[in-house]
Amino acid sequence: MTTTVSLREKYEAVIGIECHVELKTTSKMFCGCPNEFGGAPNTKVCPVCLALPGALPVPNAKAIELMIAAGLAFDAEIPAFSKFDRKNYFYPDMPKDYQISQFDMPITQGGVVNYWLADGEKKSCRLTRIHLEEDTGKSTHAGSGDGRIAGSTYSLVDFNRAGVPLMECVGEPDIRSADEAVGYLEALKRTFVELGVSDVKMEEGSLRCDANVSVRLRGAPEYGTKAEIKNMNSFRSVHDAIESEIDRQIAVIEGGGRVVQETRGWDEAAGVTHSMRSKEQAHDYRYFPEPDLVPLELDRAVIERIRATMPPVPFERFERYTETFGISVKQTTQLVDNPPLAGYFDRVVAIAGSPSVALNFVLGDLSRLANESGTPVAGGKVTPEALAELIALVDAKTINSKIAKDVIARLWANGGSAMAIVEAEGLSQVSDPGAIAQFVDDVLAANAEGVTQFKAGKENVLKFLVGQVMKTSRGKANPELVEALLREKIAAS
Ligand SMILES: [Zn+2]
């Protein structure tokens with residue numbers, strides 16, 4: 001193992017990620033067929049996505065708006081002019097034998113994805129571009145012998161997915177480790193979910209990614225030869241595939257060999273990558289402008305309208321929560337990964353201030369009640385206004401934190417206002433020294449032995465005595481006053 005560690009120090013990995021993300025639209029990119037996962041094969045098709053003669057594509061406006069939002073989220077440039085191109089290839093998963101994509105003038109160019117690692121370290125990876133295309137159909141390669149085509153191997157093709165709007169996010173090779181690759185992908189996923197751009201489900205194929213991996217001697221100016229890794233179906237497998245590929249390439253070089261440029265598949269079970277094919281060059285696709293579609297000229301007003309309605313991107317929240325509010329990375333991630341909950345938390349803080357008190361309620365009592373009932377916090381009966389009111393009551397010491405827990409349970413069950421519950425139930429904290437003194441005297445009289453023990457140095461007996469006073473006052477006494485009075489009266493006794 002020591003060899004591995006020192007070789008990892010000798011070499012540096014250079015990683016670039018390409019992601020395909022299906023956009024969350026109701027219909028396909030160039031026709032009216034539904035954009036839905038699954039269904040019986042070839043039931044969500046029409047003359048356009050089947051490329052029947054004479055059928056012409058019409059671009060989906062919603063898909064273009066989602067692309068603009070995705071670009072703006074990462075500070076990409078949205079050129080005023082972009083166009084579609086045909087990407088030609090010989091493979092039966094597109095009925096047209098070409099895919100409508102974007103070659104040299106994509107909808108977005110440049111940009112940067114800011115992300116964070118598990119320990120909170122901030123990182124960034126530049127984007128080359130995000131372009132819009134249509135998804136291909138799905139082919140299933142089957143063996144011989146099931147009786148359909150005797151004695152031969154064959155492929156079944158399902159065109160339900162053909163023509164689904166797809167964006168390809170091409171990242172620059174700024175990533176240096178498997179952990180960074182996962183952090184980058186999490187940032188993309190969080191952002192697309194937050195923006196409603198995609199549901200980003202790797203298991204349903206609405207997020208698919210490839211990793212270009214190379215290694216070089218640490219400090220070397222030039223990149224090494226890269227291999228493209230495919231077939232990774234979870235962030236975990238992206239991580240493991242990259243780790244394994246870095247080790248493989250280092251071993252090839254250390255063994256006196258040369259890394260060859262190729263496409264490699266990730267074998268989840270074996271935990272290794274294996275060669276699939278030598279990489280085709282981009283010009284093999286013979287791109288040319290799509291003659292059936294006019295170029296896109298985007299109105300600046302439309303772009304600004306989209307920008308104005310965008311929610312905060314997750315990285316903005318990350319910085320605000322960790323740096324301005326001082327919330328831990330773990331709790332921040334918990335909130336950011338649940339956009340409705342983060343939005344709820346933001347509204348509470350906007351009204352009440354006190355982010356740390358709000359956080360305790362949101363991630364504590366409210367999340368527990370939500371888990372128990374199966375109703376999300378943001379969809380429950382405790383409105384942000386009601387929680388803000390409760391926080392104000394605690395801040396003003398009108399109620400103590402124990403009573404606050406009772407109030408929040410009542411709010412969760414019945415809704416309404418925190419103030420109304422406190423008033424109706426007479427839950428206001430007792431801060432009148434005269435009233436508290438009476439409770440304290442009663443407890444001291446009933447616990448002579450405890451008093452003796454405390455005087456003999458058993459400091460923790462005081463906690464017990466405070467508890468007894470709280471019980472006598474039915475939870476309403478101000479615990480700080482109780483403790484002060486107890487100390488005072490015991491000292492004087
Ligand atoms: Zn169609």
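Which residues is Glu 134 in contact with, leaving aside its neighbours within four places in sequence? They are Met 29, Phe 30, Met 94, Lys 96, Tyr 98, Gln 99, Ile 100, Gly 163, Val 164 and Leu 166, where contact means heavy atoms within 4.5 Å. The model is a predicted one, in which local features need pLDDT of at least 70 and side-chain atom pairs count only at pLDDT 80 or more, while totals for chains, interfaces and linings use all residues. Residues are numbered from 1 along each chain as its sequence is written, and side-chain values use heavy atoms, with hydrogens and water left out.

- Glu 134 lies in strand E7, residues 122-134; helices (H or I, at least four residues) and strands (E, at least two) are DSSP runs, numbered from the N terminus.
- Glu 134 has a relative accessible area of 3% and is therefore buried, a word that stands for under 20% relative accessible area, with exposed over 50% and partly exposed in between (1.4 Å probe, protein chains only).
- The side chain of Glu 134 makes a polar contact with the side chain of Lys 96 at 3.0 Å, and it also reaches the backbone nitrogen of Ile 100 at 2.7 Å.
- A polar contact is a pair of N or O atoms within 3.5 Å; within protein, one must be able to donate a hydrogen and the other to accept it, and residues adjacent in sequence count only if both atoms are side-chain atoms.

**The sheet that includes Ile 100**

- Ile 100, in strand E4, stands opposite Arg 86, and four bridges join E4 to strand E3 (residues 85-88), the two running antiparallel.
- These strands belong to an open sheet of three strands in the order E4-E3-E15, with antiparallel pairing; two strands pair if DSSP finds at least two bridges between them.
- Strand E4 (98-101) and strand E15 (288-289) stand at the edges with a single partner strand each, so one side of each is left without a neighbour in the sheet.

**The zinc site**

- The zinc ion is coordinated through the SG atoms of Cys 31, Cys 33, Cys 46 and Cys 49, at 2.3 to 2.4 Å; donors are N, O and S atoms within 2.8 Å of the metal (3.2 Å for Na, K and Ca), and sites may look incomplete because water is not among the atoms.
- Cys 31 and Cys 46 both lie in the loop between strand E1 (11-22) and helix H2 (61-73), so the pair ties together parts that are 15 residues apart in sequence.
- Cys 31 is buried, and Cys 46 is buried as well.

**Two helices**

- Helix H3 (residues 178-195) has 18 residues, of which 14 are buried, so H3 is largely enclosed by the rest of the structure.
- Just after H3 comes Gly 196, which takes a positive phi of about 70°.
- In helix H11 (residues 401-414), which has 14 residues, the buried residues are Ile 403, Ala 404, Val 407, Ile 408, Leu 411 and Trp 412.
- An α-helix has 3.6 residues a turn, so residues three or four places apart point the same way.
- The buried residues of H11 pack against helix H9 (355-373), helix H10 (384-395) and helix H12 (418-425).
- At the start of H11, a side-chain oxygen of Asn 400 comes to within 3.1 Å of the backbone nitrogen of Lys 402, and after H11 comes Gly 415, with a positive phi near 70°.

Definitions and conventions. Expected span 1.5 Å × (residues − 1).
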